[in-house]
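Dear colleague,

I am passing on the structure we spoke about, with some notes on what turned up in it. Please look it over before reading on.

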Amino acid sequence: MHQLSPDQIETIFIQAEQLKFDGKYSEALGLLEELLAADPENVMALEELADNELSLGQYERARVAANRALALDTNSFAAHYILGFVASHVEDWSTSIQELKIANALDQNNPEILRCLGWSLFSSGKMIEGMVTLERALNLEEQNPLILCDLGVVYLQSKNFQKSKSLLRRALDLDPKSVRVRECLDMVERVEKHVV
């Protein structure tokens with residue numbers, strides 16, 4: 001494969017980012033795989049590949065790409081984040097927390113890293129620490145429906161129904177088509193009826 005110029009690499013990244021933004025993850029993967037064929041040690045391409053695989057629900061492929069990125073750069077916050085996310089998906093909370101704490105140390109105040117870390121902490125039984133971490137994520141990105149939804153579920157599990165409904169309604173206002181938010185809001189109302 002021929003060597004790509006820095007301009008060509010930048011163009012491929014811009015195209016792949018746009019495809020990812022448009023939800024065309026498979027097409028983005030094609031471009032990134034082309035780039036990696038020419039430059040197999042391109043950490044940014046591996047990180048982006050892992051992120052796109054994650055978006056497609058290809059958790060094992062995302063994990064493999066993230067591990068390859070870490071083998072080349074142990075300070076890849078994106079790779080640590082992806083490994084933490086994948087671990088949370090299989091409810092391996094200790095690995096998830098460990099990886100997400102590293103990602104957070106490398107890229108502090110990243111709302112997405114904090115969201116995942118907060119969820120993993122809460123799910124592992126560290127309820128207060130998880131709630132505080134999710135609140136911190138929300139303070140950094142107040143209009144994020146994913147953070148609002150996760151925090152709403154946390155407050156539901158803590159039996160603070162008013163706070164849960166308030167957060168979930170804000171999430172629904174921001175993302176009216178979200179099936180997940182609607183399901184969570186319905187769940188709050190059902191649980192609240194049985195408890196009250």
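Is Glu129 buried, partly exposed or exposed? The model is a predicted one, and in it Glu129 has a relative accessible area of 37%, so it counts as partly exposed. Its salt-bridge partner is Lys101, with the closest N and O atoms 3.9 Å apart, and this pair links helix H6 (residues 93–106), which holds Lys101, to helix H8 (residues 127–140), which holds Glu129, across 28 residues. Lys101 is likewise partly exposed, at 39% relative accessibility.

A search of the whole structure gives 12 salt bridges, and another of them joins Glu192 to Lys165 at 2.8 Å, N to O. Because Glu192 lies in helix H11 and Lys165 in helix H10 (residues 161–174), this pair ties together parts that are 27 residues apart in sequence. Glu192 is buried at 17% relative accessibility, and Lys165 is buried at 11%. Elsewhere, salt bridges with shared partners join Glu17, Lys20, Glu48 and Asp51 into one network, in which Glu48 and Lys20 meet at 3.1 Å, N to O, and both of these residues are buried.

Lys20 also belongs to the buried residues of helix H1, together with Ile9, Ile12, Phe13, Ala16 and Leu19; seen down the axis of H1, these fall within an arc of 130°, so they line one face of the helix. Their cover includes helix H2 (25–38) and helix H3 (43–55), whereas the face turned away carries the exposed residues Asp7, Ile14 and Phe21.

Finally, Met187, Val191 and Val195 make a nonpolar surface patch of about 210 Å².

Note on methods
Residues numbered from 1 in each chain as written. Predicted model: local features only at pLDDT ≥ 70, side-chain atom pairs only at ≥ 80, totals over all residues. Heavy atoms only, no water. Patch = residues over 30% accessible without salt bridge, like charges linked within 9 Å, V, L, I, M, F, W, Y side chains within 5 Å. Areas by Shrake-Rupley, 256 points an atom, 1.4 Å probe, with all protein chains shown as cover. Salt bridge = Lys/Arg side-chain N within 4 Å of Asp/Glu carboxyl O. Buried < 20%, exposed > 50% of the residue type's maximum accessible area, 1.4 Å probe, protein only. Helix = DSSP H or I, 4+ residues; strand = E, 2+ residues; numbered from the N terminus. Arc of directions from axis to C-beta. Contact = heavy atoms within 4.5 Å.
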